[in-house]
Protein chains: 2
Amino acid sequence: MTDLNTQIVMKRHPAGMVSEDDFSVVQAPLPTLQEGQALVRNLVLSLDPYMRPRMDPLRSYAEPLKPGELMPGGTVGEVVQSRDPELPPGTLVAALLGWQSHGVVTKATVRVLDPGMKQPSAALSVLGMTGVTAHYGIVKLGQPKPGETVVVTAASGAVGGIAGQIAKLKGCRVVGIAGGPEKCRYVVEELGFDACVDYRAPDFEAQLAAATPNYVDVLFENVGGPVMDAVLQRINDHARIALCGNVSQYNAREPYGLKGMRQLLMHRVTTYAFVIADHRDYWPTALADLSAWHREGKLRFKEDVVEGLGNAPAAFIRMLTGRNFGKQLVRIAA
Amino acid sequence: MTDLNTQIVMKRHPAGMVSEDDFSVVQAPLPTLQEGQALVRNLVLSLDPYMRPRMDPLRSYAEPLKPGELMPGGTVGEVVQSRDPELPPGTLVAALLGWQSHGVVTKATVRVLDPGMKQPSAALSVLGMTGVTAHYGIVKLGQPKPGETVVVTAASGAVGGIAGQIAKLKGCRVVGIAGGPEKCRYVVEELGFDACVDYRAPDFEAQLAAATPNYVDVLFENVGGPVMDAVLQRINDHARIALCGNVSQYNAREPYGLKGMRQLLMHRVTTYAFVIADHRDYWPTALADLSAWHREGKLRFKEDVVEGLGNAPAAFIRMLTGRNFGKQLVRIAA
């Protein structure tokens, strides 16, 4: 075992589009453990859009990162040293250790995973924050009734793909929005959405109208910007919007101005913006459903794995510009 | 009694700013009553911002008006002929008879008013739709806790003035936004808000920040546009927005693009757009509170009364451009 911890920190606040120069790699000695702590060697890191607004020096749901601070993130790893008998070496854990090769945990800050788990990285997608976010947005906030129309933006993305499949399990007509024919084909043929519209198509609005003949009762919104405005033109009376992300705007220097306030008002829409970190008490409910559906083969998902922590910045930028395909992961160690 | 009914109809859909040329006056014979009906001579008509979007040929919460159709609106009047013994001539009623001198009602379509009521027009403001709208938005949707900060836009307006006073009764810090120093003075000195900021002031944003040192927990929004964006810059975590109106945009040819989606997401705000017509079952609850507070002298309000039905279009335009002061009413008959 190496005796250094490799970390990727934010070097500076990005100006508009994030670049690799906004990060730097630092190395530090491995920490000495206190009683009750364990040292984890990270195997996989999850990259998620929420990390981008954390890099801006603005009032937000968490303290903004300061230059030199470790990039945050969900991780799966194994305990390699321990001063807690309940976390013996070899224990597989999901934690929030960020962009680093090692980290220190306690029992309270990890979720211990089944050592026989076939695909531990699933704890970062369908059986982790990704899945719980999708469940909360669709089930708790969207409250879709069978037969209603649910639209999911970034439908081929990690959260969007699960969100749409949950809406299908609830008996809804589910329409995805994604970028490009390949992603749209995946959303319909692999994930089982009823339709998927390519927002890059020149007749996007017309296609969206054709795909939502009964208008839109629930919108699971990951993207914001003009795509959201297009959906608002199709919004139904008393629709519910789960506002989960605004990824089209995270790297924008000037925010897009959303034109659809009239639609919100005239159709008496409720818009719930949420961050799943606020709802720790919801995890057990959601994970029970997600685990059962996953076991029964009802939730399909794709992983996009990049090798090596050093490639995390490039993979992060690739994800924010929609060039990944599937849940973005970084393999830190085998 | 005249034997003609005078009506103001929408002549054509307005293009952008509504003008007097978009209306015309028509006269028709008084209707013959069926069993169970009564003829009402209207005394007062309420003018409200919601009437403007009804004039646009767009999908909305009600069928858009067609050219030639009667302008809608709340009215107070007296029964002058009756074929229902429960509505004898002389009965004072509140109804939705629109911009006309007479109308036909049944027991189910009116609220019978106390004949001894000192100010029957109050049934169109504090003790009617205006008051119920304010109550629903603040109490039911905003759910303000004592000590929280509530911001009300169009604070000197009919709904805004009541909304802010209700929030004061609930123990909140209440900050109004209004146009011009005279209205702001009224909001603070007459209505008892803690502060009122003039959105026309060159340092409006700085004044708003100073008036909301603990940020904004509840926004009762009547106006939309850049004023709403300014409030979103001050929004607190888990804030609630009661989206009641968007009057700054009703006459706009191009809708304003709301820039504050980031604020909604980062602060996990819930935005409830509502139209009080959806919530008939809420009226008794709200009217019980409003009547008690009104009796106890706890709700102040101002009326801006224009004389003569023929002046309704001009008064309507005046109200939409914020040049009225108080609840806009039209006296149709004495």
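Eight residue pairs are in polar contact between domain 1 of chain A and domain 2 of chain A, both residues at pLDDT 80 or more. Polar contact here is a pair of N or O atoms within 3.5 Å; within protein, one must be able to donate a hydrogen and the other to accept it, and residues adjacent in sequence count only if both atoms are side-chain atoms. Salt bridges between domain 1 and domain 2 of chain A: zero. For that term, take a side-chain nitrogen of Lys or Arg within 4 Å of a carboxyl oxygen of Asp or Glu.

Some ground rules. This is a predicted model, where local features need pLDDT of at least 70, side-chain atom pairs count only at pLDDT 80 or more, and totals for chains, interfaces and linings use all residues. Residues are numbered from 1 along each chain as its sequence is written, chains are lettered from A in the order in which they are written, and side-chain values use heavy atoms, with hydrogens and water left out.

Now the domains. Domain 1 of chain A covers 4–124 + 301–331, and domain 2 covers 129–277. Those bounds come from an automatic or database domain assignment. Their C-alpha centres lie 28 Å apart. Contact, meaning heavy atoms within 4.5 Å, involves 22 residues of domain 1 of chain A and 13 residues of domain 2. Together the two domains of chain A bury about 1,500 Å², with 61% of it on carbon and sulfur atoms. Buried area is the accessible area (1.4 Å probe) that two parts lose on being put together, summed over both. On the domain 1 side, the touching residues are 12 nonpolar, four polar and six charged. Nonpolar means Ala, Val, Leu, Ile, Met, Phe, Trp, Tyr, Cys and Pro; charged means Asp, Glu, Lys and Arg; the others, Gly among them, are polar.

Next, the two chains. Chain B goes onto chain A by a rotation of 180° with 0.0 Å of shift along the axis, RMSD 0.0 Å. So the two copies are related as by a two-fold rotation axis. In chain B, the C-alpha nearest the axis belongs to G257(B), at 1.8 Å.

How much area is buried between chain B and chain A? About 3,300 Å², and carbon and sulfur atoms give 58% of that. Chain B brings 38 residues to the contact, chain A 39. R59(B), R262(B) and L265(B) lose the most area in chain B, together 23% of what that side buries.

Polar terms across the chains: 14 residue pairs in polar contact, both at pLDDT 80 or more, and three salt bridges. R262(A) and D56(B) meet in a salt bridge, 3.9 Å from N to O. On the chain B side, α7(B) gives the most, with five residues. By class, that side has 21 nonpolar, 10 polar and seven charged residues.

Last, the whole structure. It holds 29 salt bridges over all chains. In one, E148(A) and R240(A) bring their closest N and O atoms to 2.7 Å. E148(A) sits in the loop between α2 and β8 of chain A and R240(A) in strand β12, so this pair ties together parts 92 residues apart in sequence. Helices (H or I, at least four residues) and strands (E, at least two) are DSSP runs, numbered from the N terminus.

Technical notes. Least-squares fit on C-alpha atoms with pLDDT ≥ 70 in both.
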